[in-house]
Amino acid sequence: MDVTIVMPSYKPERSVVGYVDELVSHGFDRIVVVDDGSGDTFSEIFDELRAKPSCIVLKHEGNRGKGMALKTGLSFVLEHQNGSLGVVTADSDGQHSVEDCVRMAKALLADADTVFIGSREFSFGKMPFRSWFGNRWSSVTFALVLGKWLPDTQTGLRAFPMSILPMLVSVAGERYEYEMGVLMKLVRGNVPVRPLSISTIYENGNACSHFNPLKDTIRINRLVLGDFVRFAGVSIMSFMLDQALAWGFATALTTMGFSMVGMIWASGFAARLISSVFNFTLNRSFVFRSGCDIGAAAWKYALLCVAVIVLSNVGVMALSFAGVPRGAAKFLCDVLLYFAGYGIQSNFIFRR
């Protein structure tokens with residue numbers, strides 16, 4: 001099978017030796033195991049793996065994290081195994097069956113332009129609660145922020161074409177957040193990502209997992225929600241600036257003798273124009289850190305502002321006619337349009 005297995009490993013169980021033997025028996029003759037600083041206690045296990053003709057063992061002197069171990073393995077494949085048509089990444093803790101690795105490899109060989117990610121069954125009780133909750137939360141936030149639903153964002157069983165490897169080794173991240181960063185970069189790069197159903201396996205309640213529920217969850221959420229948190233902060237500042245400018249302009253225009261109607265229109269328009277320029281500038285340079293053309297982005301941004309106003313009014317009227325109280329209708333429409341606006345700005349207007 002012209003697909004390489006890359007397996008990060010930190011303090012593995014002895015069962016990993018049998019796992020590698022089973023992979024070989026199913027046709028994998030390129031297996032790269034990365035010892036992520038497991039220490040002398042586990043050297044015998046890695047020596048057994050190193051002695052196998054189909055297995056190459058790379059070593060980190062200290063624990064550098066799963067993300068770094070994956071990048072070490074992927075870089076090795078990129079440099080030394082050009083005959084391989086792609087890579088399947090798998091964990092060494094028994095969560096991924098050999099049969100699923102074979103299915104991932106065959107899917108990759110059948111469609112070399114698509115990234116395949118394993119997707120486990122998330123029926124409540126099929127996995128430990130912390131894993132179930134963490135996966136559901138990350139899938140929801142991923143969908144809200146990036147506009148794409150992936151049922152299992154934290155699976156380590158993935159299949160990548162060789163053409164994607166240079167992108168993968170450039171993704172930032174050292175630990176579990178790296179795998180989320182990979183998905184974000186693939187989606188933002190319009191690379192096809194397709195979930196593939198796999199078995200849900202948790203041996204001993206996932207006791208051998210090295211995932212830190214607090215630290216690693218914070219790292220993952222900081223990565224996924226970082227742009228959105230900055231976006232929300234800039235939105236709040238833009239709103240405050242808009243209100244302050246509108247009040248200031250209204251006061252000045254009143255003293256100049258403007259009529260009530262003229263004062264409201266002129267102060268509101270001037271305040272919104274300045275706050276929109278402020279919002280546009282910070283979104284481009286601080287929130288999304290985009291190098292896009294300013295002129296093209298400005299036109300798109302202006303059209304989005306007009307579309308949001310129109311859709312909000314239409315939505316409020318439609319819901320009001322349906323019997324929804326006007327206040328609740330406006331709140332619902334504005335919240336939905338806020339998330340939609342974020343997605344449009346992230347993926348189209350200020351695309352990286």
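Visitor: What should I know before we start?
Guide: Residues are numbered from 1 along each chain as its sequence is written. In this predicted model, local features need pLDDT of at least 70, side-chain atom pairs count only at pLDDT 80 or more, totals for chains, interfaces and linings use all residues, and side-chain values use heavy atoms, with hydrogens and water left out.

Visitor: Why is glutamate 179 called buried?
Guide: Buried means under 20% relative accessible area, exposed means over 50%, and partly exposed is in between (1.4 Å probe, protein chains only). Glutamate 179 has 7% relative accessibility, so it counts as buried.

Visitor: Which residues does glutamate 179 touch?
Guide: Leaving out residues up to four places away in sequence, they are Lys66, Leu70, Thr155, Gly156 and Arg158. Contact here means heavy atoms within 4.5 Å.

Visitor: And why is valine 310 called partly exposed?
Guide: Its relative accessible area is 46%, so valine 310 gets the in-between label.

Visitor: What makes β3 and β7 edge strands?
Guide: The open sheet has 7 strands, ordered β3-β2-β1-β4-β6-β5-β7, with mixed pairing. β3 (55–60) and β7 (193–197) each have a single partner strand, so one side of each lacks a neighbour in the sheet. Strands are DSSP runs (E, at least two residues), numbered from the N terminus.

Visitor: How do you know that β5 and β7 pair?
Guide: Pairing takes at least two DSSP bridges between two strands. β5 (residues 115–119) and β7 have 5 bridges, in the parallel sense, so they pair. In one of them, phenylalanine 116 partners arginine 194 of β7.

Terms used: Helix = DSSP H or I, 4+ residues; strand = E, 2+ residues; numbered from the N terminus.
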